[in-house]
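Please read these points beside the sequence and the model. They are meant for someone who has not seen this structure before.

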Amino acid sequence: MNDTGAMVMVNALERRVHLAAVDAPPVILDADIAEELHELEAVSRDLETHTLSINTRRAYEKAWRSFGGFCVDLGLEALPAHPQVVRWYVAWMSTQVDDWGEPRFALATIRQHLAGIAERHLRDGYLDPTGHRAVSDLVRGLAKLRAARPVRKRPLVLDKVVRIVDSMTHDVYPAGVSATRDATALWLGFAGALRRSEAAGLRLNSLELHPGDGIHVHVGRSKADQDNSQPDVVVLPFGGTPRTCPPCAVHRWVALLRESATVDPRTRRQSLMSQLYGYQLDTHVCGADGGGQLIDGTDLASSAYLLRATYRNRKDARIHEAGVSGDALHTMLRRRMTEAGMNPSAYGFHSLRAGHVTQARRNGASTEEIMRAGRWQKAETVNVYDREFNPAARNSVMRLGL
Ligand SMILES: [Zn+2]
């Protein structure tokens, strides 16, 4: 046994000092045995790298860096960490918010960070501090707290919806393409009181032009479905002005969809451009005032998605065949709010549906009318909105003659 062989063994085992409560194996002085143990150590390290998927490993490393940074900032020891330190870390994570005032760490993320901390401790032969009751209780409490307080989206009432729509660039190519789609989506959410999944699921043939009402929207199923004996139909009424006219938005968007079907790219681009440049936002294009309509029933014959994904760069815009997702509509609303100079914190696509209820109530709508528009089965659901956002509605306090 030479000294070098013994040194190699010492280095190999040094990292394993904390593997167990018992002391690490003594340094082997026989060169052949030391050599063999050294190889076994190499094999065991190799095996170790296969225990976690690459993604999990990355997540754990990221969690560990975050925890390490937290400990460095506060002058605490990270390895081994005292359960109290982990408790503070959980508390810290639970209070972090993003730019929109929403929790920066979802509960699942917090649990993942704890798993990363546990993994690092166990790997290096320490007790897992996250398994301590004081830590697990804290996480359980946080889970209950977050579940008990569902974040109900604030309502977006009419003047705010108009402000968002007005802030978009409608008559310029290529920005106008997505603006036209987004205006349509906003009116579907507000006037139609549609949920995001319902709006995202609409097909062209879910819509029906109605000379008296504006547009009928068959929610959930298409109007071609004859077996649907009690279809959910919502109405997009003509607006008093083109600025607040949902049918106008639909007409403009469907006209763009029609132009986007042109196969030749250059012709398509030109027809989209001329369509957008020709938009006169102060004139009804839906036939509301007996004037012309941009689209007719034949434009609504297809079962293609109504709200589609768009792609744009600085010069060009494309409209895809694929529909948008409900999540994309939610993100769109928040981005459009930010662009309009509004704080989107506490708002989401559902704010449009909540806004419909609130605005209608303010304008004197009955519970029955609101239930009909929002397709609610129970009056209680409508009352929840009143309690939260409209406490003065249908409240005798307003009749005290004060
Ligand atoms: Zn109109």
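The numbered points below cover the basis of the model, its aromatic pairs, its backbone features and its surface patches.

1. Basis. This is a predicted model, in which local features need pLDDT of at least 70 and side-chain atom pairs count only at pLDDT 80 or more, while totals for chains, interfaces and linings use all residues. Residues are numbered from 1 along each chain as its sequence is written, and side-chain values use heavy atoms, with hydrogens and water left out.

2. Aromatic pairs. Seven aromatic pairs are found in a search of the whole structure. Rings of Phe, Tyr and Trp (its six-membered ring) pair if their centres lie within 6.5 Å; planes under 30 degrees apart are called stacked, over 60 edge-to-face, and the rest tilted. One of the pairs is F67 with Y89, which is edge-to-face, at 5.1 Å centre to centre and 70 degrees between the planes. This pair links distant parts of the chain, since F67 lies in helix α3 and Y89 in helix α4, 22 residues apart. Helices here are DSSP runs (H or I, at least four residues), as strands are (E, at least two), numbered from the N terminus.

3. A second pair on Y89. Y89 and W92 are stacked, at 5.8 Å centre to centre and 15 degrees between the planes. The two residues are separated by about one helical turn, because they are three residues apart in helix α4. Are they buried or exposed? Y89 counts as buried because its relative accessibility is 0%, whereas W92 is partly exposed because its relative accessible area is 28%. The cut-offs are under 20% relative accessible area for buried, over 50% for exposed, and in between for partly exposed (1.4 Å probe, protein chains only). F67 is buried as well. One aromatic cluster takes in W64, F67, F70, Y89, W92 and F105.

4. Cis peptide bonds. Most residues other than glycine have a negative phi, and most peptide bonds are trans. The bond from L79 to P80 is cis, with omega near -5 degrees, and P80 sits in the loop between α3 (54-74) and α4 (83-95). Y173 and P174 are also joined by a cis peptide bond, with omega about 5 degrees; P174 belongs to the loop between α7 (158-167) and α8 (175-190).

5. Positive phi. Which residues other than glycine have a positive phi? A346 has a phi near 75 degrees and lies in the loop between α12 (326-339) and α13 (350-362). With a relative accessible area of 24%, A346 is partly exposed. R375 has a phi of about 55 degrees and is found in the loop between α14 (367-374) and α15 (379-389). R375 counts as buried, because its relative accessibility is 12%.

6. Surface patches. Like charges are joined within 9 Å, and nonpolar side chains (Val, Leu, Ile, Met, Phe, Trp, Tyr) within 5 Å. Accessible areas come from the Shrake-Rupley method with a 1.4 Å probe; for residues, only the protein chains shown count as cover. Lys and Arg count as positive and Asp and Glu as negative, with His and the chain ends not counted; a charge is placed at NZ of Lys, CZ of Arg, CG of Asp or CD of Glu. D30, D32, E35, E36 and E39 form a negative patch. D32 is in helix α2 (residues 31-48) and is exposed, at 62% relative accessibility. V397, M398, L400 and L402 make a nonpolar patch of about 490 Å². V397 is in the segment after α15 and is partly exposed, at 40%.

Terms used
Patches are made of residues with over 30% relative accessible area and no salt bridge: like charges are joined within 9 Å, nonpolar side chains (Val, Leu, Ile, Met, Phe, Trp, Tyr) within 5 Å. A salt bridge is a side-chain nitrogen of Lys or Arg within 4 Å of a carboxyl oxygen of Asp or Glu.
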